[in-house]
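Here are my notes on this model, for reading alongside the coordinates. They go element by element.

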Amino acid sequence: MRRLSIIVALAGLAAALTGAQAQQLTEEQTLSADEFAVNNTWFVLYHELGHMLIHQFGIPVLGKEEDAVDNIATYSLLAQQSPEADQALTDAIYGWELADSQVEEFEVSDFYDEHSLDLQRAYGITCLLVGSDPDGFADAANYMEMDPDRQESCGFDFAQVEASISALLQPYLGTDQPISVVYEDGGEVYGWAEEALKASGVLELAATDISASFALPRPITIRATQCGEPNAFYDPETEEVSICYELVDMYFGMIAEDMLMSDEEDAPQG
Ligand SMILES: [Zn+2]
């Protein structure tokens, strides 16, 4: 069975801190960390749905499929034209940047992995954002220290991705197939992640978006579940997209740690 996972590179990182350190967050920080975790998961969900579209329709892919589906995810969220989806994209940039900052030393396998490096993934999203709306996403691109020339040429990157996605998916537009969303029990450890995903409605939002846009040949299930690892998968055999509660938890842990470190840096000295 072939399973397409999003973040081999991230597996094993973070996740360690949620318990004790999470309790040091203020209520406001906790809410903001919840939102960050859900937003990054929203991006990952569209990444997996990108794998699904490629496999259901047999769409040709030149280059890394993992890069292609990051582009589909970014384009799909931009197409929502909502402040929430825009925020999810800038949170995804920061999520990949944080993941990169946790890498102490690269190994050879990082360079031949199916996925681009975390920081490259951050810049892939940044480029399409600033390419689609140079003024609207200038802050994100400047934060990422992308120089003005590259910000400008990202306009071509975005136009090419937009034209390619439109041309390749055009034959499959339609509304034939509903997509079901299932939440497995998050249990004692991940119950909060189950509740946070449910409350956000992002799984249902993505399901409605995709089923209202494409004539999928087969029914799809999006399943939020415990997987034993912080990851997400599309399984072409069962036509299921699995979103692991451990992934939501990992993103929460990453941003919580980042918040606590910033608090320490900001604290008065002496
Ligand atoms: Zn993937």
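**Notes on the predicted model**

1. Start with the packing of helix α8. Its buried residues pack against three helices: α3 (65-79), α6 (118-132) and α7 (138-143). Keep in mind throughout that this is a predicted model.

2. Which residues of α8 are buried? They are Q151, C154, F158 and V161. An α-helix has 3.6 residues a turn, so residues three or four places apart point the same way.

3. E145 sits in the loop between α7 and α8. Its phi is positive, about 60 degrees, although E145 is not a glycine. E145 counts as exposed because it has 8 other C-beta atoms within 10 Å, and the cut-off for exposed is 12 or fewer.

4. Q81 is in the loop between α3 and α4 (83-101). It is not a glycine, yet its phi is positive at about 50 degrees. Q81 is exposed, because 8 C-beta neighbours fall inside 10 Å.

5. Now the strands. Is β5 (residues 240-244) mostly covered or mostly open? Mostly covered: five of its five residues are buried. E240, S242 and C244 point one way, while V241 and I243 point the other way. Both sets are buried.

6. β5 has strand partners. Strand β3 (residues 220-225) runs parallel to β5, and five bridges join them. Within that pairing, R223 has S242 as its bridge partner. Strand β4 (residues 232-235) pairs with β5 in the antiparallel sense, over four bridges. There, Y234 stands opposite V241.

7. β4 and β5 form a hairpin, with four residues between the strands. One of the turn residues, E239, has a positive phi of about 55 degrees.

8. How do α9 and α11 meet? The axes of α9 (residues 187-200) and α11 (residues 245-266) come within 9 Å and cross at roughly 95 degrees. On the α9 side, Y190, A193, E194, A196 and L197 make the contact. On the α11 side, the contact is made by Y245, E246, V248 and D249. By class, the contact has six nonpolar and three charged residues, with no polar ones.

Methods
Residues numbered from 1 in each chain as written. Predicted model: local features only at pLDDT ≥ 70, side-chain atom pairs only at ≥ 80, totals over all residues. Buried ≥ 20, exposed ≤ 12 C-beta atoms within 10 Å, placed from the backbone. Helix = DSSP H or I, 4+ residues; strand = E, 2+ residues; numbered from the N terminus. Contact = placed C-beta atoms within 7 Å. Pairing = 2+ DSSP bridges. Axes fitted to C-alpha atoms, helices over the stretch in contact; angles between N-to-C directions. Nonpolar A, V, L, I, M, F, W, Y, C, P; charged D, E, K, R; others polar.
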